[in-house]
Amino acid sequence: MVTISDIPSIRLHSPQRVKNALANRRPGAIPTDGRKLLIIACDHPARGALGAGEDPSAMANRAELLERCMIALSRPGVNGFLGTADLIEDLTLLGALDNKLVFGSMNRTGLQGSAFEIDDRFGCYTPEAIAAYNLDGGKTLTRICLEDSHTPHTLEATAHAVDQLAKLNKVAMIEPFISTWKNGRIVNDLSADAVIMSIAIASALGSTSAHTWLKLPYTEDMERVLESTTLPSLILGGEVPADPNKALSSWAQAMTYPNVFGLVIGRSLLFPHGGDVQQAVDNAVELL
């Protein structure tokens with residue numbers, strides 16, 4: 001049994017064990033009994049976004065972060081994980097991703113707070129690596145800033161990823177936003193009209209949408225938002241909510257729409273108010 005303290009030595013002396021663990025990982029499956037998906041997301045650190053709630057460095061301690069991910073992934077009703085290669089490899093070595101769906105985060109170069117934040121090039125997983133390492137799909141953050149000339153590069157790269165993932169029979173999970181620059185920072189517009197526009201743009205990327213899913217924020221007038229697409233949609237968690245009960249109520253409402261197939265939640269479950277990861281995850285599972 002591998003422990004967190006074993007991982008540095010394994011990486012130093014036996015890096016082949018990482019590839020072997022990925023190759024031998026027992027795969028997960030999409031529920032066929034009508035149950036919704038719950039996927040734990042933890043790709044924020046790769047974009048320099050280490051904060052959760054009021055703690056700007058909540059995710060800085062890697063051992064603690066892995067422990068929180070392992071608790072979340074161990075709970076009944078959790079179907080999968082979304083992250084970058086470093087976290088996916090560590091969790092695979094630890095056995096935490098057996099029987100789980102796993103999605104690799106593909107573009108994390110739009111670092112939080114940087115002058116080049118909207119220039120979100122693909123610097124993490126490639127479609128070929130997602131297939132080679134036995135993952136189920138790739139996730140792209142596709143922020144569309146109409147005032148920034150870097151946006152077409154992200155759109156083009158996303159379209160290429162959609163095509164390549166489709167050829168490999170892998171899911172392309174697109175997280176689209178209409179974004180703007182405000183006071184030197186990128187801010188996502190979460191109004192219904194902006195989310196609908198982002199869906200329209202993202203859904204058309206690539207030469208096929210047969211393998212495309214959407215990862216969407218919960219917003220006002222969600223029924224109208226979801227009427228804008230026939231693609232399978234998952235609701236994201238976003239920042240740690242000030243009112244956890246209100247967040248649970250919003251997620252529960254989202255589950256009533258026919259083209260919503262689950263939740264993709266990170267900080268809200270990994271760093272909940274009160275610190276009880278197990279209870280926070282179990283509360284989310286009850287919604288499903």
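Colleague: How many aromatic pairs does the count come to?

Modeller: This is a predicted model, in which local features need pLDDT of at least 70, side-chain atom pairs count only at pLDDT 80 or more, and totals for chains, interfaces and linings use all residues. Residues are numbered from 1 along each chain as its sequence is written, and side-chain values use heavy atoms, with hydrogens and water left out. Rings of Phe, Tyr and Trp (its six-membered ring) pair if their centres lie within 6.5 Å. By this rule the count is 1 aromatic pair.

Colleague: Are the planes of Phe103 and Trp213 stacked, edge-to-face or tilted?

Modeller: Planes under 30 degrees apart count as stacked, over 60 as edge-to-face and the rest as tilted. The ring centres of Phe103 and Trp213 are 5.7 Å apart and the planes stand at 50 degrees, so the pair is tilted.

Colleague: Which strands does this pair link?

Modeller: Helices (H or I, at least four residues) and strands (E, at least two) are DSSP runs, numbered from the N terminus. The two residues lie 110 residues apart, in distant parts of the chain. Phe103 belongs to strand E3 (residues 101–105) and Trp213 to strand E7 (residues 212–216).

Colleague: Are H2 and H4 roughly parallel or roughly perpendicular to each other?

Modeller: Axes are lines fitted to C-alpha atoms, for helices over the stretch in contact, and angles run from 0 to 180 degrees between N-to-C directions. The axes of H2 (residues 16–24) and H4 (residues 85–93) come within 9 Å and cross at roughly 80 degrees. Angles under 35 degrees count as roughly parallel, over 145 as roughly antiparallel, 65 to 115 as roughly perpendicular and the rest as oblique. H2 and H4 are therefore roughly perpendicular.

Colleague: Which residues of H2 and H4 make the contact?

Modeller: Contact means heavy atoms within 4.5 Å. H4 contributes Ile88, Glu89, Thr92 and Leu93. From H2 come Arg17, Val18, Ala21 and Leu22.

Colleague: Is Pro56 buried or exposed?

Modeller: Pro56 is in the loop between strand E1 (37–42) and helix H3 (62–74). Leaving aside neighbours within four places in sequence, Pro56 contacts Leu50 and Gly51. With a relative accessible area of 67%, Pro56 is exposed.

Note on methods
Buried < 20%, exposed > 50% of the residue type's maximum accessible area, 1.4 Å probe, protein only.
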